[in-house]
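Dear colleague,

I am passing on the structure we spoke about, and I would be glad if you could look it over alongside my notes.

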Amino acid sequence: MRANPIDRPADLDVVRESYDRVADNYVHMVLTTGFGDIRSHPWLKASIDAFADTVSGLGPVLDVGCGPGTVTAYLAERGLDVSGVDLSSRMIENARRLYPKCRFSVASATDLDLEEASLGGVLGWWSLFNLPRDVLPQVLAMFARALKPGGHFITATHVGDEDLVRTEAYGGVSVRWTTHKWRPEQLVDLIERAGLRPVAELRLPADELTGPGLVIMAERPA
């Protein structure tokens with residue numbers, strides 16, 4: 001049985017076009033500054049390591065919104081059967097160039113066609129805040145169905161009371177993107193409603209580069 005693909009939001013093509021335009025700038029920033037590399041952030045690295053240890057041996061792992069593949073490649077180094085997807089074809093081109101031994105494909109979180117109970121783990125690592133508020137619950141429910149009993153989901157996102165409309169992206173490219181921020185208790189509630197049981201939570205204070213953040217790991221009950 002397959003989990004049904006979710007209808008795409010009307011502005012997804014606009015988002016994809018804007019994302020493709022700034023993908024090369026973002027990858028350049030990651031390579032030159034280390035931004036987004038979990039190895040430079042001990043608490044984020046610890047979260048990913050805990051996730052890797054937990055899902056090891058449970059089956060395939062899917063990194064949704066993988067960007068240039070940094071975390072996907074790290075998990076592959078840890079021995080996981082992991083693949084990454086991103087809606088930006090340019091971002092996937094870069095990921096394949098940087099990590100040719102890893103598997104990447106172009107897809108949106110709202111377009112995935114996942115087998116029921118087929119995955120040991122799913123990541124939404126600093127990517128799901130791009131989804132509209134009425135779409136995220138559907139995506140979380142899809143992840144829950146796709147996980148095997150005992151499989152785990154991990155997400156990291158921005159925390160706040162109001163959404164942020166961005167008018168400029170990496171490299172000064174003009175865009176109009178919305179970052180949908182969530183309060184920790186709101187996101188935990190959505191995850192529970194999707195059928196997952198939260199098992200760990202990490203709250204990150206604001207720093208010189210970004211506002212407060214949140215990491216949540218949850219499992220599909222056996």
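This is a predicted model: local features need pLDDT of at least 70, side-chain atom pairs count only at pLDDT 80 or more; totals for chains, interfaces and linings use all residues.

Residues are numbered from 1 along each chain as its sequence is written, and side-chain values use heavy atoms, with hydrogens and water left out.

The protein chain holds six helices and nine strands, taken as DSSP runs numbered from the N terminus (helices H or I, at least four residues; strands E, at least two). Of its 222 residues, 49% are buried, meaning under 20% relative accessible area with a 1.4 Å probe, protein chains only. Among contacts (heavy atoms within 4.5 Å) with a separation of 6 or more, 68% are between residues 24 or more positions apart.

S1 runs parallel to strand S2 (residues 82-86), joined to it by four bridges, and pairing here requires at least two DSSP bridges between the strands. Val61 has Val82 of S2 as its bridge partner. From S1 the chain passes through helix H3 (residues 70-77) to S2 in a right-handed β-α-β crossover, that is, clockwise from the first strand over the helix to the second when the strands point away from the viewer. S1 also pairs in the parallel sense with strand S4 (residues 119-125), over three bridges, and there Leu62 stands opposite Val122.

Technical notes. Buried means under 20% relative accessible area, exposed over 50%, partly exposed in between (1.4 Å probe, protein chains only).
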